[in-house]
Amino acid sequence: MSIESLTSTPEAAAAESDVVISRDGAVATITLNRPTRRNAMTLDSWIALREALAELALDDATRVVIITGAGSDFCTGADLDKRAPMHPLTRMRQINATALAVAEFPKPLIAKVRGYAVGAGWNLALLCDLLIASRDAQFSQIFAKRGLSVDFGGSWLLPRMVGLHRAKRLVMLAEMIDAEQADALGLVSELVEPEELDATVARFAAGLAASPTVAVMQSARLIEDGTTSSLRDALENEARSQAVNFATDAPAALRAFVEKRPPAFSGEWQVPQPS
């Protein structure tokens with residue numbers, strides 16, 4: 001099995017599993033665990049990542065998830081030496097299902113990036129809600145240097161993030177860029193010194209874990225949908241989302257405001273159910 005939750009034997013799990021889940025209170029971390037391959041992903045690895053996300057999506061105790069890589073790198077994309085013996089279109093559709101699982105994950109998702117994040121590995125990080133990078137990180141849409149076209153959502157992500165011509169340059173030239181350049185392009189949420197990466201990600205995760213995650217994630221999806229929707233559609237989507245919030249964490253926020261204390265958000269549905 002290529003996915004393992006860290007429970008009583010983390011050393012054994014880390015030794016055997018391509019994808020490892022660890023938990024610290026309301027924050028879970030998914031570690032891509034192929035450090036000798038710079039966390040390049042086989043098809044089984046991509047499927048294991050999807051299964052990990054599915055597990056954590058249904059875990060009420062988990063409010064925030066971090067994705068990171070074991071060792072010195074985040075992820076160098078697909079392991080081209082370990083291609084599954086199946087039709088390439090079938091294989092790519094399996095990998096695409098993982099990309100959708102990342103993009104549609106219902107809780108805040110943070111990419112913690114150090115070292116190399118290239119190809120599908122970079123697009124994996126970009127699909128997360130926040131990308132926090134160490135200044136030693138390096139990025140590339142490396143596909144062209146492997147005789148491949150962009151995948152793992154890059155053709156959808158990059159034009160929306162950096163515009164058409166910059167997206168084409170990143171993909172067509174497959175240049176390696178450093179973290180400062182990625183930040184200047186707006187492709188990094190927070191850029192920190194290497195020794196500050198763990199603490200910064202932990203601080204962001206703790207803040208999100210204490211937030212009204214239902215409302216926060218609705219806002220994130222509204223912003224994404226707003227890039228392709230009309231104003232009329234965006235306003236209607238906002239109205240529906242607020243209706244959900246009024247029956248979830250908004251009442252707790254109002255009570256805390258009246259009582260002059262910090263709110264405590266549970267993310268639970270507040271409408272009484274018939275007995």
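Is Ala 206 buried, partly exposed or exposed? Ala 206 is partly exposed, at a relative accessible area of 44%; buried means under 20%, exposed over 50% and partly exposed in between, with a 1.4 Å probe and protein chains only.

## Basis

This is a predicted model, in which local features need pLDDT of at least 70, side-chain atom pairs count only at pLDDT 80 or more, and totals for chains, interfaces and linings use all residues. Residues are numbered from 1 along each chain as its sequence is written, and side-chain values use heavy atoms, with hydrogens and water left out.

Ala 206 belongs to helix H8 (residues 197-209). Helices (H or I, at least four residues) and strands (E, at least two) are DSSP runs numbered from the N terminus. Between Ala 206 and Gly 25 the sequence separation is 181 residues, while their C-alpha atoms are 9.6 Å apart.

Thr 62 sits in the loop between H2 and strand S4 (64-69). Thr 62 is buried, with a relative accessible area of 2%. Not counting residues up to four places away in sequence, Thr 62 has contacts (heavy atoms within 4.5 Å) with Arg 23, Ala 26, Ala 28, Leu 56 and Lys 107.

## Nonpolar cores

A nonpolar core is a set of buried Ala, Val, Leu, Ile, Met, Phe, Trp, Tyr and Cys residues joined through side-chain atoms within 4.5 Å. The largest one has 48 residues, and Ile 30, Leu 49, Val 113, Leu 131 and Phe 139 have the most contacts inside it. H2 gives the most to this core, with seven residues. A second, separate core has eleven residues, including Leu 197, Ala 205, Leu 208 and Ala 209.

Beyond its neighbours within four places in sequence, Ile 30 touches residues including Val 19, Leu 49, Leu 53, Val 65 and Ile 67.

## Helix packing

The axes of H2 (residues 43-57) and H3 (residues 88-103) come within 9 Å and cross at roughly 30°. H2 is therefore roughly parallel to H3, a label for angles under 35 degrees; over 145 is roughly antiparallel, 65 to 115 roughly perpendicular and the rest oblique. Axes are lines fitted to C-alpha atoms, for helices over the stretch in contact, and angles run from 0 to 180 degrees between N-to-C directions. Residues making the contact include Trp 46 and Leu 53 of H2 and Ile 95 and Val 102 of H3.

H5 (residues 154-162) and H6 (residues 164-173) pack at about 130°, with axes 7 Å apart, so H5 is oblique to H6. Leu 158, Pro 159 and Val 162 in H5 meet Leu 164, Arg 166, Ala 167, Leu 170 and Val 171 in H6.
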